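Me: I would like to learn how to read a structure of this kind feature by feature. Could you take me through it slowly?

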Amino acid sequence: MKIDLENLLVTGIFVALLLLVVLVPNAANQTVHEGGNGIFLGVVAVILIIYIIGLFAGKDDIQKTTDIFLIMGVLLLAWEIFIGKLSLLDPFLFPSPEKVFAVFAEDYNIMISGLISSFAILMSGYILAVVVAVPLALLIGWRKRAFDVAYPIAKAVSPIPPTVYLPYAIVLLPTFSSASVFVIFIGAFWPLFVGTVHGVFNIDRRILNSARTLGLKERVMLSKIVLPAALPSVFSGATIALILSFITLTVAEMIAATSGLGWYIEYQHQYANYDKVIAGMILMGATVVVVMWFFDRIQKHCLRWQSVEGP
Amino acid sequence: MARIGLKDIIVSYGKNGSRTVALDNVNLDVSDGQFVSLIGPSGCGKSTLLDLVAGLRKPTNGYVEVDGFEINGPGPDRGVVFQDYSLFPWMSALENLRFAIEHSQEKTTKEQCLAKAGRYLELVGLSKFSDKYPGTLSGGMRQRLAIARMFAMNPEMFLMDEPFGALDSLNRAFMQDLLTHLWSRDKERKTVLFVTHDVDEAILLSDKVVVMTPTPGRIKEVVDVPFPRPRRRQNLFTSQDYIILRSKLLSRFSEEMQEDLAKQENELITWSI
């Protein structure tokens, strides 16, 4: 383990942040009730501990981690000093970090149930899209005639924002949840579809020829050769689809839901509880990071055969 | 073991205006258990010819028959090795073999396939690399694996399209020996069609060498290679007969090229004056 100046700087920033929270009182209009600083203090402490453990574990990517933690630390410190201590901006629109993080203690019930309902809708819509779009696109990409029909249609329809369908989905489908699932399905469908078709179309002829010489049945050809060969492109479509699903979900919930993360933010926004709006945004950001991390893991596993130093 | 017959083959592509003829009136017979090389400069249609026999491409005119039956598309009775890209990069070395065995020999059980894949991996000395992906193997190892796959599939014939073209000379010699060794082991030797642009390789490996010329692709001559097997490089390369055969092939091979070169030289000389 080698500790350089930047490592010390990052550690220093978080220690300073802790000391500031504990020792220096906030501006009068930015204070929270007795003991309300605890959550923010805890979050900063946990970040600091994670960083120090990472430092001592001597991981290879510590440089990258350090850079990210540095940016995070500077932002939190600036927030704490300029908003929390000095209250330079309108305290109503710009609450202190202590205020924002105190929301998690206050609203954790509603947040957790919102998280669960959002997550269920997101995953249903997304997985449905994967299950339908990928096999369909494989078949269509594989058959020239079907491709000639489907691709212009896909090009025309795919840029339409999926939320446009929401009113129709709400009218036609029994519940709000099913309408949201449908809209996420539509939103995730096109990037997956286009990514997969693109992947099938760009498979190396030589690999296909090699597969053809084995005399495979079409079903085997599609599942064992065409799908894995197109997989890198399927995954780039799937990444876009996932990000789009998050946006669609939030917008859909803001329009018509009665629970969920998007709904929570929108609801608090109407009551001008900006500390809760920001807390909701932080929770949403954290959720996205966690989901993308798992997605990355799955992708790395499925594409582990792609060598960096390969031919 | 199989006889290959190419009858009145013409392959052309493009629209009528700018029609390119890749193969023009090609007739060829390869008998059971023969090792036949196709040599010629690039553009002579030797790979196209191999694709025709593999069933990857259909002739514009004429037909290809195997054992007297016209072929209709590719099949596991014809094992193919290309210069590269024969293997599937998402399957490990072992999976590549197992997959090919499983789909070429329908009556084999899963366990038998796996055992056979392991045996062939050992045969080409790649047991240690069984769970490595082709992308992490060297070019030589990949070709060894492709050849193991071809032998494991146990087809009627082997079709090879410059299989050692991308290897350095040492690896190349090693692969030539491995191929001859595996091929000679069988009591009933497989029929082989082998595309190369290396005259020495063609002589070393083949019973017959087919010399082709470009634009349009035609068979110029079929030359017998009379040397007894097993052939040893040091004896072969120094023998008088070998040198005569080699220069004969090379002159056929390069007549056209020499004409082109002479023309180009003349032009250059005219310019410089």
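The dialogue below goes through some features of this structure in turn.

Reply: Please keep in mind that this is a predicted model, in which local features need pLDDT of at least 70 and side-chain atom pairs count only at pLDDT 80 or more, whereas totals for chains, interfaces and linings use all residues. Residues are numbered from 1 along each chain as its sequence is written, and chains are lettered from A and ligands numbered from 1 in the order in which they are written.

Me: Which domains does the assignment give for chain A, and how many residues of domain 1 are in contact with domain 2?

Reply: Domain bounds come from an automatic or database domain assignment, which for chain A gives domain 1 (5–94) and domain 2 (99–302). Two residues are in contact if their C-beta atoms, placed from the backbone, lie within 7 Å; on that basis eight residues of domain 1 of chain A are in contact with six residues of domain 2 of chain A, while the C-alpha centres of these two domains lie 34 Å apart.

Me: Where is Ile203(A) found, and why does it count as buried, partly exposed or exposed?

Reply: Helices (H or I, at least four residues) and strands (E, at least two) are DSSP runs, numbered from the N terminus, and Ile203(A) is found in the loop between helix 7 (176–201) and helix 8 (205–212) of chain A. A residue is buried if 20 or more other C-beta atoms lie within 10 Å of its own, exposed if 12 or fewer, and partly exposed in between, with C-beta atoms placed from the backbone; Ile203(A) has 18 such neighbours and therefore counts as partly exposed. Leaving out residues up to four places away in sequence, Ile203(A) touches Leu208(A), Val226(A), Ala229(A) and Ala230(A).

Me: What is the order of the strands in the open sheet of chain B, and which strands stand at the edges?

Reply: Two strands pair if DSSP finds at least two bridges between them, and the open sheet of six strands in chain B has the order 6-7-8-3-9-10, with mixed pairing. Strand 6 (78–81) and strand 10 (218–224) of chain B each have a single partner strand, so one side of each is left without a neighbour in the sheet. Strand 3 (residues 35–39) and strand 8 (residues 191–195) of chain B run parallel and are joined by four bridges, and Leu38(B) stands opposite Val195(B) in strand 8 of chain B.

Me: Which residues does Leu193(B) contact, leaving aside neighbours within four places in sequence?

Reply: Leu193(B) is in contact with Ile4(B), Val30(B), Val36(B), Leu38(B), Leu50(B), Val53(B) and Leu159(B).
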